[in-house]
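Please keep the sequence and the model in view while reading.

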Amino acid sequence: MTTLTDLYPSRGATEVSVPRQDPVLWGAPDAPGPITGTELAGFERDGFLAIDQLIGDDEVAVYRQELERLIADPAIRADERSIVEPKSKEIRSVFEVHRISEVFARLVRDERVVGRARQILGSDVYVHQSRINVKPGFGASGFYWHSDFETWHAEDGMPNMRAVSVSIALTENHDTNGGLMIMPGSHRTFLGCAGSTPEDNYKKSLQMQDAGTPSNEALTAMASDYGIKLFTGKAGSATWFDCNCMHGSGDNITPFPRSNVFIVFNSVENEAVEPFSAPVRRPEFIGARDFTPVR
C-alpha cells in the first residue's frame, strides 16, 4: 500500500464527509486555451461545463459508425474490456477505446478535447480511462450515484483531485433516455463511502456498482444542498466535469438510444500510485499505468 498521506479516507467502517483539499482549477485563470474565462469560472463554481457543439454532425457520424463497428465485432465482445448488461447481455461499455480504435485515438488528441483538459488541470495530461457507453433503448441500465474520484482514489491510487472527464454525446440526449445528472457544487465535498472493497470488485461494479456507493441519507442531504442538473443536448454536445462531482444516470426505457464516448484525463503530476482502499489495483484498461502525455 502507498505511504503517501491519504487526504480522502474512504471504504472504512463509517461514511465520512471531508472538504475538498485540492484546487478545482489548476491552471492560471488567464491561461490560453479553448475555454473562456467566464466558462472557467462556471466550472470552478459548479464542477462542470456544458458545450452545445464540441464536434460537428459529420464527425458524429464517423464516431457512431466506429462505435457500431466495435460493438458488432465478436473479438471485441469477447475481450475483457467489453462489459455487458447483466440482463440483456448486450454490450454496455467498451474500455480503453483509444487503444482499440485509431478513430477514437484521434479524438483524444484533438485540441478541442485535450486542450480543454490541459487548461483545467494546468499541466500535460494522460488518459486515465476511456470508454464508449452504449445505452440502447428498452431497458439499458443506468449508473448509480457516485463520485468517480472516490473509486479512482480507493481502487486505482489516484492521489489528488486533479482529473477531469468529458462525455461527448453520439446520440441525442433527451430528458427521458437516461441522461447524465450532476449535483452542481458537489465537487467541493468528498464523500468517503463505508464498507471494504472486495477483491476484483471491478468485475461486479462495472455492471452494477455496490462498493463505493453513498448512503441514501448522504445523497438526500447532498441533493437538498446542491440540487440536480440533468444534461440534454444534440449529438456532438459535450459535458466536462470534475472528478469529484456526484453524478449518475437513470435507466433508458425509451425507444431512443443514448450513446457517448467518455474520456478521463489526469495530470501527469498526479500519477496513480498503489490503491488507497483496495487489496489490489484494478486492471490497466480501467485505471491506466501508462502516464505518457497525450500529444
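How far is the sulfur of cysteine 243 from the closest cysteine sulfur? The distance is 8.2 Å, to the sulfur of cysteine 245, which is too far for a bond. A disulfide is a covalent bond between the sulfur atoms of two cysteines; here the criterion is a pair of cysteine sulfur atoms within 2.5 Å. The structure accordingly holds zero disulfides. Cysteine 243 is buried, its relative accessible area being 0%, and cysteine 245 counts as buried at 0% relative accessibility. In these terms, buried means under 20% relative accessible area, exposed means over 50%, and partly exposed lies in between, computed with a 1.4 Å probe on protein chains only.

The model is a predicted one, in which local features need pLDDT of at least 70 and side-chain atom pairs count only at pLDDT 80 or more, while totals for chains, interfaces and linings use all residues. Residues are numbered from 1 along each chain as its sequence is written, and side-chain values use heavy atoms, with hydrogens and water left out.

The helix packing may be considered next. Two packed helices are described by the angle between their axes and the distance between the axes. Helices (H or I, at least four residues) and strands (E, at least two) are DSSP runs, numbered from the N terminus. Axes are lines fitted to C-alpha atoms, for helices over the stretch in contact, and angles run from 0 to 180 degrees between N-to-C directions.

Helix H2, residues 57–72, packs with H5 at an angle of about 135 degrees, and their axes are 9 Å apart. H2 and H5 are therefore oblique to each other; angles under 35 degrees count as roughly parallel, over 145 as roughly antiparallel, 65 to 115 as roughly perpendicular and the rest as oblique. The crossing of H2 and H5 is left-handed, a term applied if the near helix is turned anticlockwise from the far one by less than a right angle, with right-handed used if clockwise. From H2, the contact draws on Val62, Tyr63, Glu66, Leu67 and Leu70, and from H5 on Val103, Phe104 and Leu107; contact means heavy atoms within 4.5 Å. By class, the contact of H2 with H5 has seven nonpolar, no polar and one charged residues. For this classification, Ala, Val, Leu, Ile, Met, Phe, Trp, Tyr, Cys and Pro count as nonpolar, Asp, Glu, Lys and Arg as charged, and the others, Gly among them, as polar.

H5, residues 102–109, also packs with helix H6, residues 111–121, at an angle of about 45 degrees and with axes 5 Å apart. That angle makes H5 oblique to H6. Leu107, Val108 and Arg109 of H5 meet Glu111, Val113 and Val114 of H6 in this contact, whose residues divide into four nonpolar, no polar and two charged.

H6 is mostly covered, with eight of its eleven residues buried. Among the buried residues of H6 are Val113, Arg116 and Ile120. Isoleucine 120 has a relative accessible area of 1%. Not counting residues up to four places away in sequence, isoleucine 120 touches Val24, Leu25, Trp26, Gly27, Ile35, Leu40, Phe43 and Val164. Its C-alpha atom is separated by 9.0 Å from that of proline 29, 91 residues apart along the chain.

Beyond H6 comes glycine 122, whose phi is positive, near 70 degrees. Serine 123 lies in the loop between H6 and strand E5 (125–135) and is buried, with a relative accessible area of 11%. Leaving aside neighbours within four places in sequence, serine 123 is in contact with Arg118, Arg162, Ser267, Val268 and Glu269.

Most residues other than glycine have a negative phi, and most peptide bonds are trans. Glutamate 96, however, has a positive phi near 55 degrees; it lies in the loop between strand E4 (91–95) and helix H4 (97–100) and is buried at 14% relative accessible area. Phenylalanine 138 also has a positive phi, of about 65 degrees, although it is not a glycine. Phenylalanine 138 belongs to the loop between E5 and strand E6 (143–147) and counts as exposed at 67% relative accessibility.

Helix H7, residues 148–156, has nine of its nine residues buried, so it is largely enclosed by the rest of the structure. Just after H7, glycine 157 takes a positive phi of about 80 degrees.
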